[in-house]
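Dear colleague,

I am passing on the structure below, and I would be grateful if you could look through it with the notes that follow.

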Amino acid sequence: MTLPDPHAIPRLSDIAAQAQVSEATVSRVLNGRAGVGGGGGGGGGGGAASTRQRVLAALDVLGYERPVRLRRRSAGLVGLVIPELTNPIFPAFAQIIEQALAGHGYTPVLCTQMPGGATEDELVEQLAERDVTGIVFLSGLHADTGADPSRYARLSARGVPYVLVNGCNERIDAPFVSPDDRAAARMAVSHLADLGHERIGLAVGPARYVPSRRKAEGFVAALGESFGLSRGQAERRVRHTLFSVEGGHAAAATLLDDGCTGIVCGSDLMALGAVRAARQRGLTVPADLSVVGFDDSQLIAFTDPPLTTVRQPVQAMATAAVGALIEEIHERAAGRRESPCRTEFVFQPELVVRGSTGAVRP
């Protein structure tokens, strides 16, 4: 396959076909003319902005450089602080957040923490020194109930708008975007109960993290509703461990010792660890053990077996996070807000049934 010369003059017909608009529309976009519509070739409405975006996306997909006149001047830098890139759910969030920011004219700056590297506070200081317009925090210290929340108050005092994803903290006045972790655990338990499982365990992250606590609360409530277990009985089926393959493996080992035939996990990586623990004992998934994950990043459908999981609504959450940040930026710029307002936007997850869960053996 021959790749196009990025410096070559793009063919209008190729771009029009890729963008599903007319060649005349492509010509108007490339020449920076006003009044671009969605005309010709299908693709529907959405207005001039969406049509322009489709044409620019077509240029990118086909490997052509954008004309200089179409390169927008940045509205400012926005930091995106995430814990790591090894868990595939974080790059998934980062990609959509960066795309949404770029769509609003902002230049995203990705800041990744790693063991032995820069801390969240150090990354924030570096961003503030560069006069960023705002910051998006994904699964940061705001989700850790043991961390000092005053760091975010200090950030507000410096006039930096921010939004916090995954983990609401009542001591922080800011917009939050979260999945319904309690509902996620309930969905998983209900699915396993419908398959005939009665001894169900939960492998989840450290108890000091808000998402872990919420999943545990939903799990305990679901065991009470489905099987009449007391709070104490249900809590004995919860294992707090690390959000990793190794953590899932260790938690699953103890839950298997307790006779569990179904395990709900706080992340897909933990679920893969649970599958590995079962196989090390000569057990088959799902014939001997059913496993449910959480996140549903792109590659999870291709594991062996394909993983049943509770999908985070990443697209909706990431888009909402950027929308909330843009609103905070505009409010501050207009001088209409002396301090941020704490609001939590909660999104419903979705159960995705694949091959890692099955009916309990009689």
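In which loop does Pro-286 lie? Pro-286 is in the loop between α11 and β9, where helices (H or I, at least four residues) and strands (E, at least two) are DSSP runs numbered from the N terminus. This is a predicted model, in which local features need pLDDT of at least 70 and side-chain atom pairs count only at pLDDT 80 or more, while totals for chains, interfaces and linings use all residues. Residues are numbered from 1 along each chain as its sequence is written, and side-chain values use heavy atoms, with hydrogens and water left out.

Backbone

Pro-286 is joined to Val-285 by a cis peptide bond with an omega of about 15°. A cis peptide bond also runs from Asp-304 to Pro-305, with omega near -5°, and Pro-305 is found in the loop between β9 and β10 (308–311). Asp-131 has a positive phi of about 55° although it is not a glycine, and its place is in the loop between α5 (120–129) and β3 (134–138).

Helix packing

For the helix pairs, axes are lines fitted to C-alpha atoms over the stretch in contact, and angles run from 0 to 180 degrees between N-to-C directions. The axes of α10 (residues 245–257) and α11 (residues 268–280) come within 6 Å and cross at roughly 50°. The two helices are therefore oblique to each other, given that angles under 35 degrees count as roughly parallel, over 145 as roughly antiparallel, 65 to 115 as roughly perpendicular and the rest as oblique.

The axes of α4 and α12 (residues 314–333) come within 9 Å and cross at roughly 45°, which makes α4 oblique to α12. The crossing of α4 and α12 is right-handed, and among the residues that make the contact are Ile-89, Phe-93 and Ile-97 of α4 and Met-317, Val-322 and Leu-325 of α12. By class, the contact of α4 with α12 has 12 nonpolar, two polar and no charged residues.

The helices α7 and α8 pack at an angle of about 40°, with their axes 7 Å apart, and α7 passes α8 in a right-handed crossing. Among the residues that meet there are Asp-181, Arg-182 and Arg-186 in α7 and Arg-214, Lys-215 and Glu-217 in α8. The contact of α7 with α8 has nine nonpolar, two polar and seven charged residues.

Pocket and cavity

On a 1 Å grid over the protein atoms alone, a cavity is a set of points where a 1.4 Å probe fits but cannot get out, and a pocket is an open set with protein on both sides within 12 Å along at least five of seven lines; lining residues have an atom within 4 Å of a point. Grid points are joined across faces, edges and corners, and a volume is the space filled by probe spheres set on the points.

The largest pocket has a volume of about 930 Å³. Of the 37 residues that line the largest pocket, Pro-83, Glu-84, Phe-90, Ser-139 and Phe-243 are the closest to its centre. The elements that give two or more residues to this lining are α4 (89–103), α8 (210–227) and β9 (290–295), and by class the lining has 16 nonpolar, 14 polar and seven charged residues.

A search of the whole structure finds one cavity of 30 Å³ or more, and the largest cavity has a volume of about 60 Å³. Its lining includes Ala-184, Leu-202, Lys-215, Cys-265, Phe-294 and Val-310. The element that gives the most to this lining is α7, with three residues, and the lining residues divide into eight nonpolar, one polar and one charged.

With best regards

Conventions
Ala, Val, Leu, Ile, Met, Phe, Trp, Tyr, Cys and Pro count as nonpolar, Asp, Glu, Lys and Arg as charged, and the others, Gly among them, as polar. A crossing is left-handed if the near helix is turned anticlockwise from the far one by less than a right angle, and right-handed if clockwise. Contact means heavy atoms within 4.5 Å.
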